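Student: I am new to this and would like to learn how to read a protein model. Could you walk me through the features one at a time?

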Amino acid sequence: MPPPRPAAPPPVLILGGTTTAARALAAYLLEDGRADVTDRFSVNPPTTYLDPLFLAHLQSPRLEYRQVNLALVERHAELFAPPAARDGKETGWKRFEMVFDLTGEIAFDKPELIQIQNTYQLALNLATSAAKLPVEMRPGAYVRLTFSFYEMKSSSSPHGEDDRLRPDGVRGRWWHEALRGLGALDSLNAAAVRSAAWYGRGTWEGEVVPRLVAGHVYAFLKEEMKFLYNADLRIHTVHTLDLAQALYLTALYLLSVPRATALAEAGSDLAFSFAADKPAFSLGTSKRASLSDAWKTVRSVVPEKMRVRLTLFNAVDAGDSTQDSLAAAVARVWGIKYGFVNSTVASLAEKFAKASFSDIIEEANEMHVEAWADMLAKSAPPIALTPITPFLDEHAFRKTPICLDGARARRLLGFEPAHPGVDVDELRAIAKGFQDDNIWPKL
């Protein structure tokens, strides 16, 4: 049974995530409510890409945006204090009922220090500041967004929240430790939502839209688009608006049951990710995959022997997406052919010829980037600057399935995605939106 919805829209605070899910979450909340968004970017003038819908929402009195460096702990008390008045009227709010933490560094190939500072430490500092607030000011529900940065199996039996998954590389470990830090704060009514491969209008990162970019490149080159590994490799997906739904329903759930009940019904144990008896995860020659001892210098890391439990929900659609289904959708958008490199060949290149595999990646990126530059120049009108690129880091070429079970969210939250799977028309709309903003070539 889904949690009950409040009679009046609650005060909501969104922290970070302007380049990932914050814009979609704001759009979802503004359907019948309001939201405060705080991030490091300027919106006037914009210092990051903002889609037309979000720009329109910024003109609405129901959306308040504040530019704040969230890493400044001394500003946190101010962040968590709801406005005393809105539209010339007193709000009567003593706290933000819902706080959504969407912060974190999502790029795989970032130095470990960046992951520690911009993912782990930032998330922990924000949650700790919220937990230290007076009881009457403490958020009723504190929800963190996390991603599928784990080693998974591509299987007909997808991974549930209780499956003990190894974090994937340096990025995965620090995102995971951020959850452990959150779970260790007993005074904060907190949960996390783990997203499948996300996509949506106005977003170009993740696992889906880069395939759409590559498809356009191959259409321009009039070549068949080839994918590594097998066609049935699972890459489960979720639309950003459905991800927003999952975040909101999770907050409602936290508000509707005691913390102990939430942990009993939807809690998952989070294991220590730096255990010495686990071999370092390796992805060829990637500098961001190996396990260093840097964590030993971070005193706030929750000790290995301490049991940590956190309310956790997977957010995933019902499409059971695979490499083949995604490739077929992209191929239909651009009218191209697609295929798959023999998985045995790909495995041999990865296992026995790492340098050659890196050379293959470098050559592919060079071809994609050169073609993209030509496409931008020939676009009508020509495009001088765009944040969208067909360049992919080495990790994107590795065999990294995303395979999640969404039964818990369906059962306890009543989660029903409006986008049950990746739709060709939606992919076309995503590309057209960028084309209309003149950051994706029109040919």
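**Reading the contacts**

Tutor: Happy to! By the ring-pairing rule, the count comes to 19 aromatic pairs. Please keep in mind that this is a predicted model.

Student: How is a pair of aromatic rings described?

Tutor: A pair of aromatic rings is described by the distance of the centres and the angle of the planes.

Student: Where do Y49 and W204 lie along the chain?

Tutor: Y49 belongs to the loop between β2 (35–39) and α2 (52–58), while W204 belongs to the loop between β9 (197–199) and α6 (209–221), so the pair ties together parts that are 155 residues apart in sequence.

Student: Are Y49 and W204 buried or exposed?

Tutor: Y49 and W204 are both buried. Now try another pair, W372 and W440: with ring centres 5.9 Å apart and planes at 80°, this pair is edge-to-face.

Student: Which parts of the chain do W372 and W440 come from?

Tutor: W372 is in helix α11 (residues 354–378) and W440 is in the segment after α13 (424–436), so parts that are 68 residues apart in sequence are tied together by the pair. W372 and W440 are each buried.

Student: Which residues form one aromatic cluster?

Tutor: One aromatic cluster is formed by Y49, W204, W334, W372, F434 and W440. Both pairs we discussed have their residues in that list.

Student: Which polar contact does W440 make through its side chain?

Tutor: The side chain of W440 is joined to that of H216 by a polar contact of 2.8 Å. You will find H216 in helix α6. With a relative accessible area of 6%, H216 is buried, because the cut-off for buried is under 20%.

Student: Where does a charge sit over a ring?

Tutor: One example is R171, whose charged end sits over the ring of F149, 3.7 Å from the ring centre. Another is R194, which lies over the face of Y150 at 5.4 Å from the ring centre.

Student: Let us move on to salt bridges. How many are there?

Tutor: The rule for these looks for a side-chain nitrogen of Lys or Arg within 4 Å of a carboxyl oxygen of Asp or Glu, and the count comes to 18 salt bridges. In one of them, E97 pairs with R95, and the closest N and O atoms are 3.0 Å apart. E97 is partly exposed at 22% relative accessibility, and R95 is partly exposed at 24%.

Student: Which residue forms a salt bridge with R166?

Tutor: R166 forms a salt bridge with E151, and their closest N and O atoms are 3.7 Å apart. R166 and E151 are both in the loop between β7 (141–147) and α5 (169–183), 15 residues apart. R166 has a relative accessible area of 27%, which makes it partly exposed, and E151 is partly exposed at 27% as well.

Student: Is K296 buried or exposed?

Tutor: K296 counts as exposed, at 54% relative accessibility. The side chains of K296 and D293 meet in a salt bridge, at 3.8 Å from N to O. Salt bridges can also be linked in a network, as with E161, D162 and R408.

Student: Now for helices. What span should helix α4 have?

Tutor: Helix α4 (residues 112–131) has 20 residues, and at 1.5 Å a residue these should span 28 Å; the end C-alpha atoms are 27 Å apart, which agrees.

Student: Where is the kink in α4 centred?

Tutor: The kink in α4 is centred on Q121 and is about 35°. Helix α4 also holds Q115, which is buried with a relative accessible area of 0%. A polar atom of the Q115 side chain lies 3.2 Å from the backbone oxygen of A107.

Student: Could we end with a strand residue?

Tutor: Take A197, found in strand β9. A197 counts as buried, at 0% relative accessibility. The C-alpha atoms of A197 and Y253 are separated by 23 Å, and these residues are 56 residues apart along the chain.

Conventions:
Residues numbered from 1 in each chain as written. Predicted model: local features only at pLDDT ≥ 70, side-chain atom pairs only at ≥ 80, totals over all residues. Heavy atoms only, no water. Buried < 20%, exposed > 50% of the residue type's maximum accessible area, 1.4 Å probe, protein only. Helix = DSSP H or I, 4+ residues; strand = E, 2+ residues; numbered from the N terminus. Expected span 1.5 Å × (residues − 1). Bend = angle between axes of the 7 residues up to and from the residue. Phe/Tyr/Trp six-rings, centres within 6.5 Å; stacked < 30°, edge-to-face > 60°. Lys NZ or Arg CZ within 6 Å of the ring centre and 35° of its normal. Polar contact = N/O pair within 3.5 Å; in protein donor to acceptor, adjacent residues only side chain to side chain.
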